[in-house]
Amino acid sequence: NWMKITFESQAQKRISFILPVKDRKEALANALEACRALKGPEDEFIVVDGGSRDGTQQAASKYGDFIDIFISEPDLNCTHAVNKALLLARGKYIKTLSDDDVFYPKELEKAVRMMEEHPEIDLLACGGTKEKGGRVSYVYIPPGADYGKRPEDVFRYPRSGVGHIYRRSAMSRVGLFPPMLIRRDGRVMIHADAEYLLRFIAGGAVVRFCRINLFRHPYSHYGELQTTDQYWLDAARQYCPSSFYWKFWMRIKSKPLRRRIRAFRKMLRRRIPQSKLLLDRPAPKFMEPVWDGGFS
């Protein structure tokens, strides 16, 4: 019945995978090989190349049986590339990728099944691991956090856009990805993933964190970009209550002092080992993640 037609019912694909790339020929080939296990028969794969000059196009041409849409032209940055793909995407769900992350196919299927069972969810944030300098940290939110109800959650809990899965119909309300702005010194003035998450929550979209171990995110050429403190302050002012903003302002402004205190403690430990008893507080108990597929 034509009276029952909805935007979501017109989706021709299940998941639209979007991979932006530029001058990363070898990384692209490795990523496409790994992504074969992610793509199902009802999915589509979109690669947007920013006009590479290192042979990226030739590398992608070897995967013509796998790539459904390939674009190669100059762009501003990776979020500009993603937005091009969004305008072409036909999937019910959107999953953005990068060429240096690892995703687990079985966990992705669990996440999509969760969104199928809960059609009210507009953005599903999943957990995973980050790796930097040999250290591993978890993107994990424990049960009972009621995550996604308040913009403050974006500042209080670990986050990574690598674990986000979007319902495309919600994007028609929230809009495209915000442009990532980068200063000359390489610092990010707008953190696209965090800004988009804040827009979803502030706009009344349903955002949930699901305890699924979806990804492994190594800090490489993308992870080297550092967001400016001023961005986080501006974002807290725009999206959060003033009471939270001023607490966050104090936290940001006291960072230099806290660094000096940590350096002083470290120096004392080296010179006067006995001071360890007086200066050190017990380390907080580490919470081992429980990947049970529940909501936090």
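Predicted model: local features only at pLDDT ≥ 70, side-chain atom pairs only at ≥ 80, totals over all residues.
Start with helix α1, which covers residues 25-35. Its buried residues are Ala27, Leu28, Ala31, Leu32 and Cys35. Seen down the axis of α1, these buried residues fall within an arc of 130 degrees, so they line one face of the helix. The other side of α1 holds exposed residues: Glu26, Asn30 and Ala34. What do the buried residues of α1 pack against? They pack against the strands β1 (13-21) and β2 (44-49), and against helix α2 (56-61).

Now turn to the core. The largest nonpolar core has 76 residues. Four of them touch the most other members: Leu32, Phe45, Phe155 and Phe200. Leu32 is also one of the buried residues of α1.

Helix α4 comes next, at residues 105-117. It has 13 residues. From first C-alpha to last, α4 reaches 18 Å, close to the 18 Å expected at 1.5 Å a residue. Buried in α4 are Glu107, Leu108, Ala111, Val112, Met114 and Met115. Viewed down the axis of α4, its buried residues fall within an arc of 150 degrees, so they line one face of the helix. The face turned away from that buried side carries Lys106 and Glu117, which are exposed. The buried residues of α4 pack against β1, β4 (91-96), β6 (123-132), β8 (164-167) and β9 (207-218). Strand β1 also packs against the buried residues of α1.

Technical notes: Residues numbered from 1 in each chain as written. Heavy atoms only, no water. Buried < 20%, exposed > 50% of the residue type's maximum accessible area, 1.4 Å probe, protein only. Helix = DSSP H or I, 4+ residues; strand = E, 2+ residues; numbered from the N terminus. Arc of directions from axis to C-beta. Contact = heavy atoms within 4.5 Å. Core = buried A, V, L, I, M, F, W, Y, C linked by side-chain atoms within 4.5 Å. Expected span 1.5 Å × (residues − 1).
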